[in-house]
Amino acid sequence: MTTGAQTPAHPSARPRRSRLRTFLPLGLAAWLVLEIWLLTVVAGATSGFVVFLLLLAGFLLGSVVIKRAGRRAFQNLNEALQRGTPPSSGGGSGLMMLGGLLLMIPGLASDALGLLLLLPPVQKAVGRSAQRTVDRKLRTATPGTLGDAFQQARMHRPDGKVVQGEVIKHDERGEGEREQRPPLTP
């Protein structure tokens, strides 16, 4: 029975699976097994009620952290807009929100990782590492890829000036038949 789909002549003709598609499901499964194992160990050492209280405390602390980091990021944005300057990239609000999210996810390993992300030295180190990774990926972006689009979006003039312009379409009509339009500037 045929489905109409072409089968490759050689098994090597299929596109190679990326590392992320291969190892992400395995990593998530290992993470879940670790979380469940840690919860059962702690429940065996103390009680199920203590584990419930730990998970509830992590959820509440995570929600407070996310709310506070979001409020701080919004205040920084408002102050930058009032000053007329671009918002500062410092502050670590994104990493604080990630730490809060990890605290809200049920599990002790995610809580420990979330608490680590709330420490300022860890935030600075992770932020620098992430910035270097993004910059390296943008430098090696090929034309037509998503990375190229981000690189083009980040380009700006150093003086911040906007150049006014007008698009003129040339066609077969004569100069006398050309439609007159008002200028773009007020």
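Q: What does contact mean here?

A: Contact means heavy atoms within 4.5 Å. In this predicted model, Leu95, Leu98, Gly99, Leu102 and Leu103 of helix H3 meet Ser110, Asp111, Leu113, Gly114, Leu115 and Leu117 of helix H4. Sorted by class, that contact has seven nonpolar, three polar and one charged residues.

Q: How many helices and strands are in the chain?

A: The chain has six helices and zero strands. Along the sequence the pattern reads α-α-α-α-α-α.

Q: At what angle do the axes of H3 and H4 cross?

A: H3 covers residues 93-104 and H4 covers residues 108-117; their axes come within 7 Å and cross at roughly 160°. Angles over 145 degrees count as roughly antiparallel, and H3 and H4 are therefore roughly antiparallel to each other. H3 passes H4 in a left-handed crossing.

Q: Which residues of H2 and H3 meet?

A: Residues of H2 that meet H3 include Gly58, Phe59, Gly62, Val65, Ile66, Ala69 and Ala73. Among their partners in H3 are Met96, Met97, Gly100, Leu101 and Met104. By class, the contact of H2 with H3 has 11 nonpolar, six polar and one charged residues.

Q: Why can residues spaced along a helix point the same way?

A: An α-helix has 3.6 residues a turn, so residues three or four places apart point the same way. In H2, Gly58, Gly62, Ile66 and Ala69 are among the residues that meet H3.

Q: Are H2 and H3 roughly parallel or roughly antiparallel?

A: The axes of H2 and H3 come within 7 Å and cross at roughly 160°. H2 and H3 are therefore roughly antiparallel to each other. Their crossing is left-handed.

Q: Which residues of H4 are buried?

A: Buried means under 20% relative accessible area. In H4 the buried residues are Leu108, Ala109, Ser110, Asp111, Gly114 and Leu117. They pack against helix H1 (19-45), helix H2 (48-83), H3 and helix H5 (120-139). For the chain as a whole, buried residues make up 14% of the 186 residues.

Q: How is Leu56 classed, and where is its place?

A: Leu56 lies in helix H2. Leu56 counts as partly exposed because its relative accessibility is 38%. The C-alpha atoms of Leu56 and Met104 are separated by 8.5 Å, although the two residues are 48 residues apart along the chain.

Q: What share of contacts joins residues at least 24 apart?

A: Of the contacts between residues at least 6 apart in sequence, 49% join residues at least 24 apart.

Key
Residues are numbered from 1 along each chain as its sequence is written. This is a predicted model: local features need pLDDT of at least 70, side-chain atom pairs count only at pLDDT 80 or more; totals for chains, interfaces and linings use all residues. Side-chain values use heavy atoms; hydrogens and water are left out. Axes are lines fitted to C-alpha atoms, for helices over the stretch in contact, and angles run from 0 to 180 degrees between N-to-C directions. Helices (H or I, at least four residues) and strands (E, at least two) are DSSP runs, numbered from the N terminus. Angles under 35 degrees count as roughly parallel, over 145 as roughly antiparallel, 65 to 115 as roughly perpendicular and the rest as oblique. A crossing is left-handed if the near helix is turned anticlockwise from the far one by less than a right angle, and right-handed if clockwise. Ala, Val, Leu, Ile, Met, Phe, Trp, Tyr, Cys and Pro count as nonpolar, Asp, Glu, Lys and Arg as charged, and the others, Gly among them, as polar. Buried means under 20% relative accessible area, exposed over 50%, partly exposed in between (1.4 Å probe, protein chains only).
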